[in-house]
Amino acid sequence: MGAQEPIKEIRLMPIKNGTVIDHIACGQALNVLKILGVNENNIYSSISVGMHVGSATLGGWKDIVKIEDMELDEVTAQKIALVAPDATISIVRDLHVAEKYKVKLSDRVVGLARCSNPNCISNKGEPIESEFSVVSKYPMQLKCCYCDKILMNITDNLL
Ligand SMILES: Nc1ncnc2c1ncn2[C@@H]1O[C@H](COP(=O)(O)OP(=O)(O)OP(=O)(O)O)[C@@H](O)[C@H]1O
Ligand SMILES: [Mg+2]
Ligand SMILES: [Zn+2]
């Protein structure tokens, strides 16, 4: 590293192997941790969290989460897209970024969340998957394809 090169992410510890979830919408880091299932029963990965960190690329503020010894699966990345549609996921192996991609929010969100309407057909034990269309990204609004209701509290209704 040259002397002129700026130091990146000085607030957070570097990790040897694991995942960096960067460019999280400001304030959403705790929801990302919830999606990752981080709790007292899951203490085998060290996690560092940066909230309200200045971001040059987002032109403002962002959150960032770094998890050691964990690589995310596709479904988890899709759920993260629902709370942080601009997040970037980097897989770090042996201190270097080995893979990097932006989370992808598809037009149809299938099988990731349950409808918040208890009377919805998708909540009646029928053999159908929940399905929502994305009405708006900021704020995130999902509309149930079965009952047309807007999903309330997305993070409380993730499957
Ligand atoms: N070994 C590591 N430990 C912890 N974090 C890392 C490590 N290597 C890279 N990162 C982080 O992973 C993310 C992606 O790394 P990259 O080098 O692509 O950053 P970048 O040039 O800032 O990219 P971007 O344009 O996406 O912001 C950054 O947040 C970076 O700080
Ligand atoms: Mg960066
Ligand atoms: Zn519904």
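1. Some ground rules. In this predicted model, local features need pLDDT of at least 70 and side-chain atom pairs count only at pLDDT 80 or more, while totals for chains, interfaces and linings use all residues. Residues are numbered from 1 along each chain as its sequence is written, chains are lettered from A and ligands numbered from 1 in the order in which they are written, and side-chain values use heavy atoms, with hydrogens and water left out.

2. Start with the layout. The protein chain is split into domain 1 (18-102) and domain 2 (108-157); these bounds come from an automatic or database domain assignment. The C-alpha centres of the two domains are 24 Å apart.

3. Now look at where the domains meet. Ten residues of domain 1 are in contact with nine residues of domain 2 (contact means heavy atoms within 4.5 Å). About 820 Å² is buried between domain 1 and domain 2, with carbon and sulfur atoms giving 68% of it; buried area is the accessible area (1.4 Å probe) that two parts lose on being put together, summed over both. On the domain 1 side, Lys34, Leu82 and Pro85 lose the most area to domain 2, together 59% of what that side buries.

4. One salt bridge is found across this interface (a side-chain nitrogen of Lys or Arg within 4 Å of a carboxyl oxygen of Asp or Glu). Asp156 also forms a salt bridge with Lys34, their closest N and O atoms being 2.9 Å apart.

5. Helix H2 (residues 74-83) is mostly covered, with seven of its 10 residues buried. Helices (H or I, at least four residues) and strands (E, at least two) are DSSP runs, numbered from the N terminus; buried means under 20% relative accessible area, exposed over 50%, and partly exposed in between (1.4 Å probe, protein chains only). Among the buried residues are Lys79, Ile80 and Leu82. The cover includes helix H1 (29-36), strand S1 (18-25) and strand S8.

6. Finally, the zinc ion (ligand 3). Cys115, Cys120, Cys144 and Cys147 coordinate the zinc ion through their SG atoms at 2.3 to 2.4 Å; donors are N, O and S atoms within 2.8 Å of the metal (3.2 Å for Na, K and Ca). Along the chain, the donors follow the spacing C-x4-C-x23-C-x2-C. Cys115, in the loop between strand S6 (108-110) and strand S7 (131-136), and Cys147, in the segment after strand S8 (141-144), are 32 residues apart. Cys115 is buried at 4% relative accessibility, whereas Cys147 is partly exposed at 23%.
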